[in-house]
Amino acid sequence: MSTFGLFGIEIFKQFRRLRTHIGTFGLLGIVLAVAIGLKYGDASHFVGRLTRQPNFQIYGSPVNALFLARVVLPMTVFLFLPLFVSLVAGDQISGEAADGTLRTVLTRPVNRFALLSAKFTLAIVYVGALTAFLGVAALTVGWALFGVGGLVSFGWDGVSYFGIAEGVHRLTLSYGLAAVYVLAVASVAFLVSTLSSNSLVPIGVTMALMVMCGVLGQIPYFESAKPYLFTTYSELFLRAFDVPVDYPALRHGVFALLVYVVACFCVSALIFTRKDILS
Amino acid sequence: MTADLQTTDEPCLIAAGLSKRFGSFTAVDRLDLKVDRGQTFGFLGPNGAGKSTTIRMMLGLVSPSAGVVTLLGRDVALERTKALKRVGAMVEIPAFYSYLTGRQNVRLFARLSGGASEDDVTQALKLVGILHRADSKVRTYSHGMKQRLGIASALAPRPDLVILDEPTNGLDPEGVREVRDLIRDLGTRHGMTVFLSSHLLHEVEQVCSHVAVIANGRLMVQGAVSQLLGNHFGPVEFEVDRPEEAAALIQATMGLAPHWTDDTRVAIHMDRAQAAEANTILVGKGFKVSAIERRKQTLEDVYLQLVRDQAEVEAAELQ
Ligand SMILES: Nc1ncnc2c1ncn2[C@@H]1O[C@H](COP(=O)(O)OP(=O)(O)O)[C@@H](O)[C@H]1O
Ligand SMILES: [Mg+2]
């Protein structure tokens with residue numbers, strides 16, 4: 001059976017699993033919590049915290065659909081999105097190994113590389129879908145509660161204002177960059193999943209790696225290793241709001257992350273196509 | 001491409017010098033097997049003998065440390081997906097997607113084998129007797145039902161060769177009987193070649209036309225069940241009024257030692273002509289012979305004998 005056919009089967013299976021939807025509900029919960037906080041709480045104080053500009057005086061509220069989509073991204077990219085995608089990506093091989101279904105599948109005339117490719121494609125699609133869901137949910141909830149307007153974005157170097165069209169464009173770019181980073185994390189979880197027959201191990205290892213790389217990246221002594229740590233690019237999505245956008249820097253970051261993705265897939269293919277299925 | 005396979009006399013399954021080592025432990029040791037088209041082949045051995053490991057190698061789940069497996073004319077190591085095209089298999093306890101129904105599982109795995117019609121799926125579920133629960137989630141199945149589902153999903157794509165690992169494990173006595181009848185039918189009625197492993201002698205004896213016995217990863221014997229039993233005659237039992245005296249008389253006149261005696265019988269190893277002669281002698285001396293019977297040799301006798309021989313060989317090797 002072709003990778004495409006196998007992908008169809010993987011989608012069919014994945015959709016029927018509870019863990020697929022945990023991420024969706026989790027993100028929706030976060031969006032709603034932030035929206036409620038902005039709507040009913042002390043908005044100006046909250047906005048100050050969100051933008052890290054407590055003393056900045058703004059006339060009129062910056063809060064709208066675009067603003068909500070802007071602020072929920074940094075709240076999820078560093079932990080929740082990686083966690084939720086690892087839950088799915090890290091389960092791809094290890095989960096089926098644990099359940100014994102991997103053995104059942106591989107008694108069939110299914111090419112191992114094609115199966116792995118189908119599962120990896122699924123992980124990519126899941127990352128894309130979950131990130132897009134976050135954006136759409138934030139825009140929808142924000143539109144319902146606050147309406148639509150231009151985007152006020154606060155960076156370390158000051159405040160920027162984008163019109164609606166430019167705001168949507170910047171947000172799309174930012175969500176795309178976030179998705180690439182999250183995909184790199186998912187690839188690590190996927191790789192670990194070919195090594196384990198316990199579906200919790202990939203999540204644990206991936207989260208541990210994220211923390212470790214994050215710590216390394218903050219120690220000046222390891223400065224030279226920084227370009228090679230995937231966590232270095234965790235904040236890449238924020239640079240979509242730079243004025244002007246530094247496209248070469250973005251391209252470089254995306255390239256580094258994609259190298260991670262491709263390398264993880266290649267290594268997992270090397271492991272999986274040779275591995276003895278003993279579970 | 002595959003059509004010519006139907007007509008050749010090439011064996012369905014060949015294992016040549018098949019070995020698997022886990023570290024320093026040898027689970028399967030230079031195994032040679034040959035299964036011809038149409039056979040129902042029993043792969044018999046005690047727990048831990050290496051049956052499942054062998055089947056995993058046959059299906060390409062595990063790569064052999066040495067040796068080659070050919071399924072339906074194709075080398076599994078080189079052309080795994082082509083070799084498995086017409087094979088239906090179940091290894092160890094069948095595992096399914098518990099969040100899907102039995103029918104969805106059978107359908108899904110049939111698709112992986114190249115597809116089965118909805119009719120074939122239903123037919124397979126019916127054959128193993130779980131059609132009434134086919135639309136419940138597998139999560140709710142008992143162990144025996146999963147075992148049956150395993151057989152159904154092996155059969156649904158209508159394979160030429162069926163490989164089943166201890167298919168009656170976990171079934172109740174009635175289920176065991178049903179499944180054995182079903183397996184016998186696969187060969188006789190559906191023209192499939194069946195390779196099944198078992199640790200139960202009588203199961204293989206009841207179901208299989210051919211058998212290979214494995215112990216500690218090594219092949220002990222292989223052949224047609226009838227032939228194996230025929231080569232190993234059991235003793236002839238005489239039901240007689242004075243067994244001890246009768247035994248002494250036969251020993252004195254024919255030089256044949258009794259195998260055993262009890263209150264009513266004496267059992268002596270002898271061929272047909274000798275049995276007739278012994279009868280004449282006994283009757284001539286006034287013994288009352290009420291029955292002569294050659295106890296049918298069971299596979300168990302052969303098997304236990306083989307295991308004993310093997311132990312002796314190994315003991316001799318150690319000295
Ligand atoms: N992954 C493994 N690592 C080490 N030893 C194993 C492994 N799998 C099986 N074995 C050993 O190989 C032998 C054969 O096992 P198996 O093929 O499952 O036997 P059977 O199916 O005949 O009961 C057993 O002694 C078992 O302990
Ligand atoms: Mg076994």
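This short talk covers the site around ligand 1 and then the build of chain A.

A caution to begin with: this is a predicted model.

I'll take the ligand site. The shell around ligand 1 contains Leu278(A), and from chain B it includes Phe22(B), Phe25(B), Ala27(B) and Pro46(B). The run from Asn47(B) through Gly48(B), Ala49(B), Gly50(B), Lys51(B), Ser52(B) and Thr53(B) is also part of that shell. Because residues of chains A and B surround ligand 1, the site is shared between chains. By class, there are six nonpolar, five polar and one charged residues.

Where in chain B do these come from? Strand 2 (25-35) and helix 2 (51-58) each give at least two residues of the shell. Helix 2 of chain B has the largest share, three residues.

Now the distances to oxygen atoms of ligand 1. For Lys51(B), a backbone N or O atom sits 2.8 Å from one. For Gly50(B), a backbone N or O atom is 3.0 Å away from one. Ser52(B) uses a polar side-chain atom, at 2.8 Å. On its own, ligand 1 has 560 Å² of accessible area, and the protein covers 64% of that.

On to chain A. It has 11 helices and two strands. In order from the N terminus, they run α-α-α-α-α-α-α-α-β-β-α-α-α. The radius of gyration is 20 Å, close to the 19 Å from the globule rule for 279 residues, so chain A is as compact as a globular protein of that length. Of those 279 residues, 51% are buried. The accessible surface of chain A is about 12400 Å², with 69% belonging to carbon and sulfur atoms.

Methods. Residues are numbered from 1 along each chain as its sequence is written. Chains are lettered from A and ligands numbered from 1 in the order in which they are written. This is a predicted model: local features need pLDDT of at least 70, side-chain atom pairs count only at pLDDT 80 or more; totals for chains, interfaces and linings use all residues. Side-chain values use heavy atoms; hydrogens and water are left out. A residue is near a molecule or strand if one of its heavy atoms lies within 4 Å of it. A polar contact is a pair of N or O atoms within 3.5 Å; within protein, one must be able to donate a hydrogen and the other to accept it, and residues adjacent in sequence count only if both atoms are side-chain atoms. Accessible areas come from the Shrake-Rupley method with a 1.4 Å probe; for residues, only the protein chains shown count as cover. Helices (H or I, at least four residues) and strands (E, at least two) are DSSP runs, numbered from the N terminus. Ala, Val, Leu, Ile, Met, Phe, Trp, Tyr, Cys and Pro count as nonpolar, Asp, Glu, Lys and Arg as charged, and the others, Gly among them, as polar. The radius of gyration is taken over C-alpha atoms; the globule rule is 2.2 Å times the number of residues to the power 0.38. Buried means under 20% relative accessible area, exposed over 50%, partly exposed in between (1.4 Å probe, protein chains only).
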